[in-house]
Amino acid sequence: VRRLEFGAESTVVTDLTNDVESVEAPFQYMGVVWDSGDEFKLQTIWSYERHDAPFDIQDGVTIPTGEYDWLRWRMEAESALKRPVSGAVAVEVGPFYDGTRTDYEAQASWRPSRYFTGELEYEQNRVSLPDGDFVTHLGAARLDAAFSPDLTWSNFLQFDNESDTLGWNTRLQWI
């Protein structure tokens, strides 16, 4: 074991009158980084949200006006980025508003040389609320090439089932 990590942080969002609208406070119980660079983390995430008006989180699924707080658990593991092929997985479970939510995340990276990198990511959120259940999917891919120190080409593709669109961002940089 190279390093043990423990910690707490918080993000507080207020409105213009300084009333708290939301709080997110992750607490890391255990973080282990091995000599190889592989990592493992166990966290809880406390969240608070205040809504002055109901809002649709999904078609036909409404979050009523009110104050909500919940405590979720997160576990993640990541292999060292120094390897030609590396990856990460995470699971987060717990309450969400008046229901439950389970998130799954996976990521794989490929670096065959210092001139080329590729990455695939996938996230799935399974939400169960009193007004209904839904599942969201988000997929992404990165492809970067460095032809020389002066010429690089970066690409990012993303798809999600909510907007049902595929987005592509590409940048050719020549210095």
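Mentor: Buried means under 20% relative accessible area, exposed means over 50%, and partly exposed lies in between, with a 1.4 Å probe and protein chains only. Trp 70 and Phe 96 are both buried. This is a predicted model: local features need pLDDT of at least 70, side-chain atom pairs count only at pLDDT 80 or more, and totals for chains, interfaces and linings use all residues. Residues are numbered from 1 along each chain as its sequence is written, and side-chain values use heavy atoms, leaving out hydrogens and water.

Trainee: Why does Trp 46 count as partly exposed?

Mentor: Its relative accessibility is 33%. That lies between 20% and 50%, so Trp 46 is partly exposed.

Trainee: What makes Tyr 48 buried?

Mentor: Its relative accessible area is 15%. That is under 20%, so Tyr 48 is buried.

Trainee: Why is the pair of Trp 46 and Tyr 48 called stacked?

Mentor: Rings of Phe, Tyr and Trp (its six-membered ring) pair if their centres lie within 6.5 Å; planes under 30 degrees apart are stacked, over 60 edge-to-face, the rest tilted. Here the centres are 6.5 Å apart and the planes 20° apart. The angle is under 30 degrees, so the pair is stacked.

Trainee: What makes Trp 70 and Phe 96 edge-to-face?

Mentor: The centres are 5.4 Å apart, with 65° between the planes. That angle is over 60, so the label is edge-to-face.

Trainee: Which parts does this pair tie together?

Mentor: Trp 70 lies in strand β7 (residues 66-78) and Phe 96 in strand β8 (residues 85-96), so the pair ties together parts 26 residues apart in sequence. Strands (E, at least two residues) are DSSP runs, numbered from the N terminus. Ring pairs also link Trp 70 and Phe 96 into a cluster with Phe 55, Tyr 68 and Tyr 97.

Trainee: How do you know that Arg 101 lies over the face of Phe 96?

Mentor: The rule wants NZ of Lys or CZ of Arg within 6 Å of the ring centre and within 35 degrees of the ring normal. Arg 101 is at 4.8 Å from the ring centre and lies over the face.

Trainee: What makes Ser 109 buried?

Mentor: Ser 109, in strand β9 (residues 99-113), has 3% relative accessibility. That is under 20%, so Ser 109 is buried.

Trainee: With which side chain does the side chain of Ser 109 make a polar contact?

Mentor: With that of Glu 119, at 3.2 Å. A polar contact is a pair of N or O atoms within 3.5 Å; within protein, one must be able to donate a hydrogen and the other to accept it, and residues adjacent in sequence count only if both atoms are side-chain atoms.

Key. Helix = DSSP H or I, 4+ residues; strand = E, 2+ residues; numbered from the N terminus.
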